[in-house]
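Here is a friendly walk through the fold you have open.

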Amino acid sequence: MAGFFFWAFALLRHSFLTFGLVGFARGGCRRAFLFLGVGMGFRLSSRSLARLSGVHDDLFSVVERAIQITDVDFTVLEGVRSKSRQKELFESGASSTMNSRHLTGHAVDLGAWVTGGVRWDWPLYYKIADAMKQAASELGVPIEWGGDWVTFKDGPHFQLPWNQYPSS
Ligand SMILES: [Zn+2]
């Protein structure tokens with residue numbers, strides 16, 4: 001009988017140990033994964049960085065911070081835009097204005113980047129906007145999202161407001 005208790009206890013202890021270790025390993029990995037996820041996030045590609053050239057420093061900093069905290073990876077589609085390209089977009093109806101903030105480096109377009117390509121599903125853009133808004137608030141930079149506009153919703157578009165950042 002004593003032998004039975006001994007083995008039962010040994011088995012129980014073994015199970016606790018095993019489950020405990022497995023639980024710890026799982027928890028540990030998860031924590032490490034979360035830590036990596038929070039600490040590193042995504043990175044701006046060299047193409048994205050190139051497309052940010054000429055963009056206002058404050059907006060650049062917001063994008064740089066947003067890529068670290070976003071749930072959805074993104075690529076920079078466009079930063080500074082030439083007047084002739086703006087004219088093309090305006091005439092094709094892709095842009096509603098000739099007075100775009102892209103012309104002066106006060107706007108960027110971000111595309112959701114999923115499994116190696118740009119996706120246009122709105123839910124992805126809400127997540128990118130969350131990251132951009134959080135980054136902006138952390139840095140104390142005011143920002144406008146085209147997705148919040150009522151008449152011409154523009155999910156990829158972020159800009160510095162005219163009021164605080166008049167074009168020089
Ligand atoms: Zn835009």
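## A helix with a buried side

In α3, the residues that count as buried are Leu59, Val62, Val63, Ala66 and Ile67. Looking down the axis of α3, you will find these buried residues within an arc of 135°, so they line one face of the helix. That set of residues packs against β1, β2 and α5. Please keep in mind that this is a predicted model.

## The overall layout

Stepping back, the protein has five helices and five strands. Read from the N terminus, the order of elements is α-α-α-β-α-β-β-α-β-β.

Of the 168 residues in the protein, 26% are buried. Among contacts with a separation of 6 or more, 67% are between residues 24 or more positions apart.

## The nonpolar core

Which residues have the most contacts inside the largest nonpolar core? They are Val62, Val63, Val108, Ile128 and Met132, in a core of 27 residues. At least two residues of this core come from each of α3 (57-69), β1 (74-78), β2 and α5 (122-139). The largest share is that of α5, with eight residues. As a general background, nonpolar side chains in soluble globular proteins tend to be buried together.

Leaving aside neighbours within four places in sequence, valine 63 is in contact with Leu52, Val76 and Val108.

## β2 and its partners

Now turn to β2. Six of its eight residues are buried, so β2 is largely enclosed by the rest of the structure. β2 runs antiparallel to β1, and four bridges join the two. Within this pairing, phenylalanine 74 has alanine 112 in β2 as its bridge partner.

β2 also pairs with β5 (residues 157-159), antiparallel and through three bridges. Here valine 108 stands opposite phenylalanine 158 in β5. Valine 108 has already come up, as one of the core residues with the most contacts.

Another antiparallel pairing, again with three bridges, links β2 to β3 (residues 117-119). Tryptophan 113 has valine 118 in β3 as its bridge partner. The hairpin of β2 and β3 has two residues between the strands, and threonine 115 in this hairpin takes a positive phi near 40°.

One more stop is glycine 105, in the loop between α4 (83-92) and β2 (107-114). Is this glycine buried or exposed? Glycine 105 counts as buried because it has 21 C-beta neighbours inside 10 Å, and the cut-off for a buried residue is 20 or more.

What does glycine 105 touch, once residues up to four places away in sequence are set aside? The list is Gly54, Val55, His56, Gly79 and Val80. Valine 55 lies 50 residues away from glycine 105 along the chain, yet their C-alpha atoms are separated by 4.2 Å.

Terms used: Residues are numbered from 1 along each chain as its sequence is written. This is a predicted model: local features need pLDDT of at least 70, side-chain atom pairs count only at pLDDT 80 or more; totals for chains, interfaces and linings use all residues. A residue is buried if 20 or more other C-beta atoms lie within 10 Å of its own, exposed if 12 or fewer, and partly exposed in between; C-beta atoms are placed from the backbone. Two residues are in contact if their C-beta atoms, placed from the backbone, lie within 7 Å. A nonpolar core is a set of buried Ala, Val, Leu, Ile, Met, Phe, Trp, Tyr and Cys residues joined through C-beta atoms within 7 Å. The arc is that of the directions from the helix axis to the C-beta atoms. Two strands pair if DSSP finds at least two bridges between them.
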